[in-house]
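Biologist: I am new to this structure. Please walk me through how to read its features.

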Amino acid sequence: MDFIKNFIENAKNNPNRNILADDSIPKGLTFKQVDEISGKVYAYLSEKGIGKEDFVMLCLPRGVKPIVSMIGVWKNGSAFVLVEEDYAPERIEYIRSNCNCKLVINTEVWEEIQTRQPKEGYNETAEHDAAFAVYTSGTTGKQIVVGYTADDLEIWHDCCARQLVAIGADESDFIQNAYGYGMFTGGFGIHGGAQKLGATVVPVSAGNTERQITFMHDFGTTVLCCTPSYAAYLGETLKEKGLGTDYIKLKAGIFGAEPWTEEMRKDIEEKLGIKAYDTYGLTEVMGPGVAFECSEQKGMHVNEDPFLIE
């Protein structure tokens, strides 16, 4: 998988560069640290006999732990499905069984993993090997299961990285990903695109508005990714707290997953002091990154190399 190859190369070339942060690790994790901890996950999975394309369920608190675990799973050549600890037990059990997960990494297992010695390198995978699966929430009926191969991920991450570049983002940016990482495709696509760009990702996921604002201020977030309605709510919350746009360092936002108007765009831009950009995608195709706006904001650009518009 190119993602893992690029990650290991960056860990060698930029070992002390921060790439992940959350409230439990305010100083962030460097490439070297993420490489070492994900190497422990890799070692643990190998020890347990987890092989290529075997599915592992990640059931960990929001933040860096599931992201680091994800990298460890991919180093092992395996695939993952992510759930959150507060999901209903019957939903977690259904997904575990339906996806035929060979192992569950929860908080208890995570602590055990930290006692392992990091395993170097990674297992080679083919472009059509399974990489991960997403189960939607099923709010409009039966939940949809979407599987991704290693090749799918490379295409998806490329598309999302293009959008970030199109709005003026680069490797110096701090990208706060407030899309969900569980029953929603948005979180993974934006996260992979940001990492491909070389930016620092704040994987805060959805909700917890107080923490979102704290992270924006403390980490100096420059790009916010979430739904437009939540961006508007964040702006309202800042105003209610008596905080101006000078309290945060945001310069741009990528908003999608629901319809919004030009009036709503103007409102968000005023409240957060940013340029607000639209993104388009759908679960059945890939997720965010099918089409997007650039800094000119004169319509959506479609990624025509992976997508044929009919």
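Modeller: Start with strands and helices. They are DSSP runs, numbered from the N terminus: helices are H or I with at least four residues, strands are E with at least two. Thr-149 lies in strand S7, residues 145–149. This is a predicted model, where local features need pLDDT of at least 70, side-chain atom pairs count only at pLDDT 80 or more, and totals for chains, interfaces and linings use all residues. Residues are numbered from 1 along each chain as its sequence is written, and side-chain values use heavy atoms, with hydrogens and water left out.

Biologist: Is Thr-149 buried or exposed?

Modeller: Buried means under 20% relative accessible area, exposed over 50%, partly exposed in between, with a 1.4 Å probe and protein chains only. Thr-149 has 16% relative accessibility, so Thr-149 counts as buried.

Biologist: Which residues is Thr-149 in contact with?

Modeller: Contact means heavy atoms within 4.5 Å. Leave aside neighbours within four places in sequence. Thr-149 then touches Glu-127, His-128, Asp-129, Ala-130 and Ala-131.

Biologist: Which residues of helix H1 are buried?

Modeller: They are Phe-3, Ile-4, Phe-7, Ile-8 and Ala-11. They cover an arc of only 130 degrees around the axis, which puts them on the same side of H1. The arc is taken from the directions from the helix axis to the C-beta atoms.

Biologist: What do the buried residues of H1 pack against?

Modeller: Their partners are strand S1 (18–22) and helices H2 (31–47), H3 (64–75), H6 (150–166) and H7 (186–197). The face of H1 turned away from the buried side carries exposed Lys-12 and Asn-13.

Biologist: How is a pair of aromatic rings described?

Modeller: By the distance of the centres and the angle of the planes. Rings of Phe, Tyr and Trp (its six-membered ring) pair if their centres lie within 6.5 Å; planes under 30 degrees apart are stacked, over 60 edge-to-face, the rest tilted. A search of the whole structure finds 12 aromatic pairs. Phe-132 and Tyr-148 form a stacked one, 4.6 Å centre to centre with 5 degrees between the planes. This pair links distant parts of the chain: Phe-132 is in strand S6 (residues 130–135), Tyr-148 in strand S7, 16 residues apart. Tyr-148 and Trp-156 are also stacked, at 4.9 Å and 10 degrees.

Biologist: Which residues do ring pairs link into a cluster?

Modeller: Phe-3, Trp-74, Phe-80, Phe-132, Tyr-148, Trp-156 and Phe-188.
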